[in-house]
Amino acid sequence: NFLPTSQIVRNGQPTEPGPNMTEWAAGHCSTTLQDGSLMITGGRRQSNHAGSAMAEVYNLTTGQWRQVQNMSQGRFFHSCTQVWLSPNDPDSNILSSYVTNTSVIGIVVAGGVHLDGAVWQPTTSVELYLPWNDTWMNLPTLPDISQHGTVLPVTDTLIMSLAIAGGSNSLHLVGGVHQDWNTGAATLTSNVWRLLFHIGNQSYYWND
């Protein structure tokens with residue numbers, strides 16, 4: 001049986017019980033916001049075994065969980081990471097510039113799976129959480145890979161925000177797999193994609 005319990009781990013201190021989550025979750029992804037709050041996204045949940053779009057935040061000061069805006073796509077076994085954002089970027093590229101005293105940490109989720117009845121289906125969408133207005137923004141879907149002339153969608157990858165030359169940060173997909181969850185067949189790739197912004201048409205795209 002799954003339980004909605006949580007545990008608090010602090011450096012150099014014993015693990016202690018934390019408050020229960022809104023409901024039990026498995027296969028979710030967690031990371032921290034700028035104020036140290038813990039954010040949990042998706043997972044197979046008590047209210048949605050097929051893959052939930054729910055997101056909730058644990059506030060270390062109040063000791064309470066609260067729900068925030070749902071993702072647009074339910075998912076579990078996905079990847080997530082922090083990313084520095086620039087809400088006031090003049091080019092509308094909020095993911096672009098150097099980290100400054102006005103930068104804000106957002107959360108990106110990528111990939112995963114969901115259930116369509118009893119069939120496992122890939123979730124290829126990538127979403128960005130904007131904490132200043134509690135909304136999710138769609139980024140380009142996961143890229144394709146080519147295997148023996150066949151184009152296959154990446155169904156699982158690791159998303160990371162990496163420091164690059166000059167002190168700026170950039171969002172990357174590191175490796176990946178086209179996974180047929182129903183047969184177990186998998187096609188691996190060592191590709192690394194970087195998210196770039198096209199100023200002319202004001203859109204993002206993955207570049208390898």
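**Entry 1: L85 and its sheet**

I looked up L85 in this predicted model and found V104 of β10 opposite L85. The strands involved are β9 and β10 (residues 104-110), which run antiparallel and are joined by seven bridges. I then traced the rest of the sheet: it is open, has four strands in the order β9-β10-β13-β14, and pairs antiparallel. β9 (79-85) and β14 (135-139) each have a single partner strand, so at these two edges one side is left without a neighbour in the sheet.

**Entry 2**

Next I checked which residue of β5 stands opposite T31. The residue is M39. I counted four bridges between β4 and β5 (residues 38-41), an antiparallel pair. The sheet they belong to is open, with four strands in the order β4-β5-β7-β8 and antiparallel pairing. Its edges are β4 (29-32) and β8 (64-68); each has a single partner strand, so one side of each lacks a neighbour in the sheet. Here neighbouring strands are turned by 25° against each other on average, direction ignored.

**Entry 3: T123**

I went on to the loop between β12 (119-122) and β13 (126-130), where T123 sits. Is T123 buried or exposed? Its relative accessible area is 1%, under the 20% cut-off, so I put T123 down as buried. I found a polar contact of 2.7 Å between the side chains of T123 and H114. Leaving aside neighbours within four places in sequence, I listed the contacts of T123 as Q73, G74, R75, G111, G112, V113, H114 and L142.

Terms used
Residues are numbered from 1 along each chain as its sequence is written. This is a predicted model: local features need pLDDT of at least 70, side-chain atom pairs count only at pLDDT 80 or more; totals for chains, interfaces and linings use all residues. Side-chain values use heavy atoms; hydrogens and water are left out. Two strands pair if DSSP finds at least two bridges between them. Axes are lines fitted to C-alpha atoms, for helices over the stretch in contact, and angles run from 0 to 180 degrees between N-to-C directions. Buried means under 20% relative accessible area, exposed over 50%, partly exposed in between (1.4 Å probe, protein chains only). A polar contact is a pair of N or O atoms within 3.5 Å; within protein, one must be able to donate a hydrogen and the other to accept it, and residues adjacent in sequence count only if both atoms are side-chain atoms. Contact means heavy atoms within 4.5 Å.
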